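Please open the model in your viewer and keep a selection panel at hand.

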Amino acid sequence: MEETLTAPAAELPSESEAEFEQLYRRSRDDLYAYVAGLLRDRAAAEDVTALAFERAYRRRRSFNPKRGTRRAWLFGIARNAALDELRRRRRQATLATEPVDDAAIAPEQGAEVALRRAALRGAIASLAPRERELVALKFFAGLTNSEIAAVIGVSETNAGTRLHRMIEKLRRACDEAA
Amino acid sequence: MRLREREMPLDSEIERELEALDRALAGAPVDRDLEGIAELARELRAERPQPSAEAEEALDGLAAGGFSPRPSDRLGRASRRASDAINGLRARGARRLIPALGAATVFLVAAGVGISASGLFDGGQGGVAPQSAQNSKAELAGKAQSIKPSATTDSATAPSVSAGGAPPATDQFRAKLPPASGARSGLALGTVSNSDRAVARNVDLELSTAPDDFRDAADGVLDVVRDHRGFVLSSHVSGGDPGVKGAERGHASFELRIPAGELSAAMGDLSDLGHVVSRTDGTLDITKRFVSARQRIDALTAARDRLLRELGEAATIQEQRSIRARLRIVERRLAAAHHDLARAQQRVHLVPVSVGITADEHSASGGAWTIGDAFHDAGRVLTVTAGAALVGAAALLPFALLAVLVAVGWRGWLRRQRSRALDASPG
């Protein structure tokens, strides 16, 4: 990094810090949504999201643009942190998942909407864990297919195929529920 | 190791549906036949968990504080401190110092290893002549004693040891000497213990010096001999005259006798006079000569005493003449036996040392350090450093391979554990 001669380097935010701040602002809610979707526990999701940002900030200089986007790199760190949390829970045998928040459906939305959302939640719950992760990455976090591929460690084509297969399962499950 | 997946193009219909998903999520219109998928995408997006206001506030607080690890996260705090320190160094441009620091480290290690291996300060075997030689030369500079440049042969008389008198002996000599009453104490050749053995030593030393140092080195030999109470049996010095252009190559040879007790120190001083080309140490067990001489002395002494008694008891002149004649023979033999014993004692006590000195332009000079010497030393240092690095790499290679295997195994194990945790996560 080139430094100016007019001010000490310590007084200016470094380039990597500025980029990280931007990444944080762009990804905070998406990352939380992904982790919450994976863990299905809001309190744990908050902790894991904070931990993921801590780790990413610590390793911010190790980011390699050749290996994917910053968001994909951040979500990879978050994925590992979330899976470590799942491992820890498995060891402690406290698999307390959050119950579906029925109150989140507003009464004024009507019975049909409530039914559709309940069917959708049931369909999501019926998916395999890896497919639920795809839902979280694609629809909760809003990652592109190439970013999803980088996070879960498969090719982009493979990620697209898995995504399409998952959508088909969801549609079938929703149709059956309807 | 995961196999790299082969990139296969997606089916066009699947691609179209995936594009519809992306458009729906972006709020863009989609084809009518894909409206169902778009609706599903929008409904899924609506299921997105949102952080609570408290969670947002907590995360923003962490961000404002530079994402400091929580107090309970000891590992995180330790690694944070380490990464902060590294980042701080990077911010100060420490990375630019890495090549310089690396070069300095390599230089120091190479210099240390090179000097250690070249024997520069071990006082003798190879390398540049040490400081003691310089001092010796400085002392010699003021001395009048010199050796003629032309071929000369000097002979010095060895300290005489009378055949019948007490021979000069050091403590070491006495310790090695078989007792004078060897025959009476039952000492015989076959029964001499190792500690009573008389061992005669000899040393051949070949030195080389720079042409400019040749004369000083030759003079230095005489000083060393004098300092250690030895003597020069013969010397021969030729050539090497620094004042004569094109003079023949200097060569000197000395036959010295050094007291056995001084041999070690004297050889050290002689080795300091130049570059040691070769040194040969020899030993010879001469116990048999001692025992034989003593036995002869004892027998002849007894014979003489007996003849003296017989002479005192002889009644006739004829008898007396006969005994005296035999007595003279016995005394001559006794003197010869004493002489043999003395020579054997001298052989043990005074060690023959042959010293050869050759003036060699390629020899490391004890004087001015030239650019040629610098190249020579640099070559040696680089060679030794490369060798040390090779040996070090060979020693470290198994550990490095083990560390790589452990790291790869650990990563694989962790990946499998995380994968299992995901597969076992509740629906």
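Begin by selecting Glu13(B), which at a relative accessible area of 37% is partly exposed, a term that covers the range between buried (under 20% relative accessible area) and exposed (over 50%), computed with a 1.4 Å probe on protein chains only. This is a predicted model, in which local features need pLDDT of at least 70 and side-chain atom pairs count only at pLDDT 80 or more, whereas totals for chains, interfaces and linings use all residues. Residues are numbered from 1 along each chain as its sequence is written, chains are lettered from A and ligands numbered from 1 in the order in which they are written, and side-chain values use heavy atoms, with hydrogens and water left out.

Next, select Arg226(B) and Asp223(B), where the closest N and O atoms of a salt bridge lie 3.6 Å apart. These two are separated by about one helical turn, because they stand three residues apart in helix H8 (residues 214–227) of chain B. Arg226(B) is partly exposed at 49% relative accessibility, while Asp223(B), at 4%, is buried.

For a pair that joins the chains, display Arg418(B) and Asp84(A), whose side chains form a salt bridge (2.9 Å, N to O). The pair runs from helix H12 (residues 371–423) of chain B to helix H3 (residues 70–92) of chain A, and both residues are buried.

Then select Arg28(A), Asp29(A), Glu56(B) and Asp60(B), which a network of salt bridges links.

Finally, show helix H1 (residues 15–39) and helix H5 (residues 129–140) of chain A, whose axes come within 9 Å and cross at roughly 160°. Which residues of H1(A) meet H5(A)? They are Asp30(A), Ala33(A), Tyr34(A), Gly37(A) and Leu38(A), which face Glu133(A), Ala136(A), Leu137(A) and Phe140(A) in H5(A), with contact meaning heavy atoms within 4.5 Å.

Technical notes:
A salt bridge is a side-chain nitrogen of Lys or Arg within 4 Å of a carboxyl oxygen of Asp or Glu. Helices (H or I, at least four residues) and strands (E, at least two) are DSSP runs, numbered from the N terminus. Axes are lines fitted to C-alpha atoms, for helices over the stretch in contact, and angles run from 0 to 180 degrees between N-to-C directions.
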